[in-house]
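Work through the exercises below with the structure in view. Try each task before you read its solution.

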Amino acid sequence: MSMLTTPLAVREEGAWQLSGSVELRPEPFGALAYDFHTRRLSFLKSPALVAVVHALSGCPSVGAALDAASVTDAERPTYLAALQSLAAGGLIQERAA
Amino acid sequence: MTALQERPFTDRPEGGRLVDQFEYGLDAPICLTWELTYACNLACLHCLSSSGRRDPDELSTEECKALIDEFERMQIFYINIGGGEPTVRPDFWELLDYAVDHHVGVKFSTNGFRINEERAAKLAATDYVDVQISLDGATAEVNDAVRGAGTYDAAMRAMTNMQNAGMKDFKISVVCTRHNIPQLDEFKAIADKYGAQLRLTRLRPSGRGADVWDDLHPLPEQQRELYDWLIANGDKVLTGDSFFHLSAYGEALPGLNLCGAGRVVCLVDPVGDVYACPFAIHDTFKAGNVRSEGGFDTVWKTSDLFLDLRNPQTGGACTKCSAFDSCRGGCMAAKFFTGLPLDGPDPECVKGNAEFLERGEAPDSSQDHSHTGTVRNAPVPLVLSPTRTASGTRGRPASACDESPLVTGRPWETS
């Protein structure tokens, strides 16, 4: 899959965090994400995804963040794809593990 | 006054489309407009807020700052500031800095008169501020007929200053009228020339707009022209989701295609009254005041009006129409101010469903801050004939059938 070969691919062993210019606002359906630099508003459409994103910065890896948010093995590909799209939009950024 | 039909309360669905989620409202608005003052150096014919004179009860500087603090607490990431002309408030620049310092981004609308070289340089220096220049004609003739003598030149001067200061992607905001729809390509060329982004919005029969609605709202064939132009230009042109009623032509326009009033949108007026949307400054759509106990947060979360609006429309003629899923019945304010039922078609329904409806008495305005004397930059008549009289009462056609496109026939085909 090409996703795994791009340098910014979100892998379970990678370490990520919410981008510095982005803030999340909780909402009943998930959260709003606003990037103060690009002035772009995005929507996270599941509270569970919001929990994963919040867990990213405090966990040593994406996999650990998925564990922390109780994401099952069967759901992982879906969550990794969602994180990948957040990465593509600049909402989360890779950090040193 | 209860023009709103009570809607049955239903539970928010889990998951699904965002637009369905938005119908049930959010914990804080996405698009909050704050009219800072009713004072204005101009007297535009179609002013949504009937601005002109400052209201003596206007929020003080300290009250404005407290409101910005509240926006910050509610994580309202950015606000749209308008008026009136916001820059005539002596504390405008102070409030702008205060908002930016408190992590509340600002886009403000201005006629450009006060955007001199020095201001333009300061604006260009901050990321959190965006500027929107109002321009309602691509030529001085068309623009000044609505906005006033010298306003075209003032807008161009402001844009030159901002471009020279290195400001990129500021907005040029156009209210689409019968007279400027033939100029869409020219507007785009102006925006491209100044490195700006074009924003087109819908004329609303709100405020003084009610007085000129029959003369200025786009003709049916122009609506189609506008729709085709918007589809061709895609998301390069902003619309503030203004034209979702046109989505009934076919392909949906970019955006939410939803009436966000009280759900994701609201307006705070200069005296702190909170209305469901910027086009609905009327007691019927007033949810409360930020000065009341609990402030804006409580108004947004608990007002009866907003809770009622956060229920999907379930009844009415429109829900039976094949286009309902795309146009959602159109604009609540446009219906209200033209005397149409709120659960019926938009006055500019592209299926023509409003043509055969009897239009009720248009509601009187709840407030009017229009200038009462002469104004230096008064509109320059083109072919327009504002019907407002000196006493402020609304001049209406003797018979609705004479001029209204809503009731009988198709007057535009013979005129």
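**Exercise 1.** Is Ala261(B) buried or exposed in this predicted model, and what is its relative accessible area?

*Solution.* 
Step 1. Take the relative accessible area of Ala261(B): 4%.
Step 2. Apply the cut-off: buried means under 20%.
Step 3. Ala261(B) is therefore buried.
Step 4. Ala261(B) sits in the loop between α9 (220-233) and β7 (265-268) of chain B.
Step 5. List its contacts. Beyond neighbours within four places in sequence, Ala261(B) touches Ala276(B), Cys277(B), Leu309(B) and Met332(B).
Step 6. Compare sequence with space. Ala261(B) and Arg310(B) are 49 residues apart in sequence, and their C-alpha atoms are 8.7 Å apart.

**Exercise 2.** Over the faces of which rings do Arg310(B) and Arg204(B) lie?

*Solution.* 
Step 1. Start with Arg310(B). It lies over the face of Trp300(B), 4.5 Å from the ring centre.
Step 2. Go on to Arg204(B). Its ring is Phe279(B), with the centre at 3.7 Å.

**Exercise 3.** Why is the pair of Phe29(A) and Phe43(A) called tilted?

*Solution.* 
Step 1. Count the aromatic pairs over all chains: 18.
Step 2. Take the geometry of this one. The ring centres of Phe29(A) and Phe43(A) are 6.4 Å apart and the planes meet at 50 degrees, so the pair is tilted.
Step 3. Locate the partners. Phe29(A) is in the loop between β2 (22-27) and β3 (30-35) of chain A, and Phe43(A) is in strand β4 (residues 40-44), so the pair ties together parts 14 residues apart in sequence.
Step 4. Check burial. Phe29(A) is buried at 5% relative accessible area. Phe43(A) is partly exposed at 26%.

**Exercise 4.** Which class does the aromatic pair of Tyr34(A) and Phe77(B) belong to?

*Solution.* 
Step 1. Take the geometry: 5.4 Å centre to centre, with 5 degrees between the planes.
Step 2. Planes under 30 degrees apart count as stacked. The pair is stacked.
Step 3. Trace the chains. The pair crosses from Tyr34(A) in strand β3 of chain A to Phe77(B) in the loop between α2 (61-73) and β2 (78-82) of chain B.
Step 4. Check burial. Tyr34(A) is buried at 4%, and Phe77(B) is buried at 3%.
Step 5. Widen the view. Tyr34(A) and Phe77(B) belong to one aromatic cluster with Phe36(A), Tyr78(B) and Tyr128(B).

**Exercise 5.** How many residues does each chain bring to the contact, and how much area do the chains bury between them?

*Solution.* 
Step 1. Count the residues: 21 from chain B and 15 from chain A.
Step 2. Take the area. Chains B and A bury about 1700 Å² between them, with 61% of it on carbon and sulfur atoms.
Step 3. Find the main contributors in chain B. Leu18(B), Gln75(B) and Phe77(B) lose the most area to chain A, together 34% of what that side buries.

**Exercise 6.** Which residues touch the most other members of the largest nonpolar core?

*Solution.* 
Step 1. The core has 102 residues; Trp34(B), Phe108(B), Ile172(B), Leu200(B) and Phe296(B) touch the most other members.
Step 2. Find the helix that gives the most. It is α3 (residues 92-101) of chain B, with seven residues.
Step 3. Zoom in on Ile172(B). Beyond neighbours within four places in sequence, its contacts include Ile133(B), Met159(B) and Ile190(B).
Step 4. Turn to the second core. This separate set of 25 residues includes Leu24(A), Ala33(A), Ala65(A) and Tyr79(A).

Methods: Residues are numbered from 1 along each chain as its sequence is written. Chains are lettered from A and ligands numbered from 1 in the order in which they are written. This is a predicted model: local features need pLDDT of at least 70, side-chain atom pairs count only at pLDDT 80 or more; totals for chains, interfaces and linings use all residues. Side-chain values use heavy atoms; hydrogens and water are left out. Rings of Phe, Tyr and Trp (its six-membered ring) pair if their centres lie within 6.5 Å; planes under 30 degrees apart count as stacked, over 60 as edge-to-face and the rest as tilted. Helices (H or I, at least four residues) and strands (E, at least two) are DSSP runs, numbered from the N terminus. Buried means under 20% relative accessible area, exposed over 50%, partly exposed in between (1.4 Å probe, protein chains only). A charge sits over a ring if NZ of Lys or CZ of Arg is within 6 Å of the ring centre and within 35 degrees of the ring normal. A nonpolar core is a set of buried Ala, Val, Leu, Ile, Met, Phe, Trp, Tyr and Cys residues joined through side-chain atoms within 4.5 Å. Contact means heavy atoms within 4.5 Å. Buried area is the accessible area (1.4 Å probe) that two parts lose on being put together, summed over both.
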